[in-house]
Amino acid sequence: MKGVFDFRYDSGKRYNGPRLFGKDILANSGLNLQFNAISGRPYTRRQRATAFGGNGFEGSINGARLPWNYAMDVRVEKSFRLNSPEAAKPLNMTLSLRVLNLFDARNVRGVYSVTGSPEDSGFLSSSDGAAVVRQADSGGAALVAAGVNSQAYLDSYSWSNLQNGFYSLPRRIFLAALFDF
């Protein structure tokens, strides 16, 4: 679902906005709001956790759903005439402030197919993951000399789980100046 609200003030005789000290303060300005809501998109659940994935189907293909996502973006802009109205060619500048993900929503855009979680693949809690951790602890002198142990493996695996891009981008703010001549 997408909704767009766009409101603009004109200038001159067509201006109908607020006045301050005899000036049309919102002349040639505008406000644009965009709202997006996306229902939970389908994905296929997996039965057995593997490192950063899974195999075997659980349920039907595309039978599981991601959570809903919501986002609002806003853009505020105002145009100014930089040269005199009598000039042969107009010189205008438009200042624009654009904010994406206005409310800084942390939307889930993807999940690990075994757990349905954006942060836990389920591998470490599986029997295969436990075997890898045990192997890191008892891997012999070569692994110990290289500094590999179960805690190092658990830490690095956890960091990798969080670097998956399963969340929407945070709030972003853009300021722009556009010259029109």
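# Questions on the fold of a predicted chain

Q: Between which two strands is the loop that has the place of G63?
A: The model is predicted: local features need pLDDT of at least 70, side-chain atom pairs count only at pLDDT 80 or more, and totals for chains, interfaces and linings use all residues. Residues are numbered from 1 along each chain as its sequence is written, while side-chain values use heavy atoms, with hydrogens and water left out. Helices (H or I, at least four residues) and strands (E, at least two) are DSSP runs, numbered from the N terminus. Read in that way, the loop with G63 lies between strand 7 (53-58) and strand 8 (64-65).

Q: Is G63 buried or exposed, and how far apart in space are G63 and R45?
A: A residue is called buried under 20% relative accessible area, exposed over 50%, and partly exposed in between, with a 1.4 Å probe and protein chains only. G63 has 52% relative accessibility and therefore counts as exposed. In sequence G63 and R45 are 18 residues apart, and from C-alpha to C-alpha their separation in space is 7.3 Å.

Q: In what order do the elements of the chain run from the N terminus on?
A: The secondary structure of the chain comes to three helices and 11 strands. From the N terminus on, these elements follow the order β-β-β-β-β-β-β-β-β-β-α-α-α-β.

Q: Why does the span of helix 3 agree with its number of residues?
A: The expected span of a helix is 1.5 Å times one less than its number of residues. For the 13 residues of helix 3 (residues 150-162) that should give 18 Å, and the span agrees because the end C-alpha atoms are apart by 19 Å.

Q: Within what arc do the buried residues of helix 3 fall?
A: In helix 3 the residues S150, Y157 and N161 are buried. Seen down the axis of helix 3, the buried residues line one face of the helix, because they fall within an arc (that of the directions from the helix axis to the C-beta atoms) of 45°.

Q: Which residues are exposed on the other side of helix 3?
A: An α-helix has 3.6 residues a turn, so residues three or four places apart point the same way. On the other side of helix 3, the exposed residues are W159 and L162.

Q: Which strand gives the most to the lining of the largest pocket?
A: On a 1 Å grid over the protein atoms alone, a pocket is an open set of points where a 1.4 Å probe fits, with protein on both sides within 12 Å along at least five of seven lines, and lining residues have an atom within 4 Å of a point. The largest pocket holds about 390 Å³ of space, and of its 19 lining residues the closest to its centre are I38, A71, N107, R109 and S168. Strand 4 (29-38) and strand 9 (69-81) each supply at least two residues of this lining. With four residues, the most is given by strand 9.

Q: What is the phi of N101?
A: Most residues other than glycine have a negative phi, and most peptide bonds are trans. N101 has its place in the loop between strand 10 (92-100) and helix 1 (127-137), and N101 counts as buried because its relative accessibility is 6%. Although N101 is a residue other than glycine, its phi is positive, near 60°.

Q: How far apart in space are R134 and S150?
A: R134 lies in helix 1 and counts as exposed because its relative accessibility is 52%. R134 and S150 are 16 residues apart in sequence, and their C-alpha atoms are apart in space by 7.1 Å.

Notes:
Points joined across faces, edges and corners; volume = space filled by probe spheres on them.
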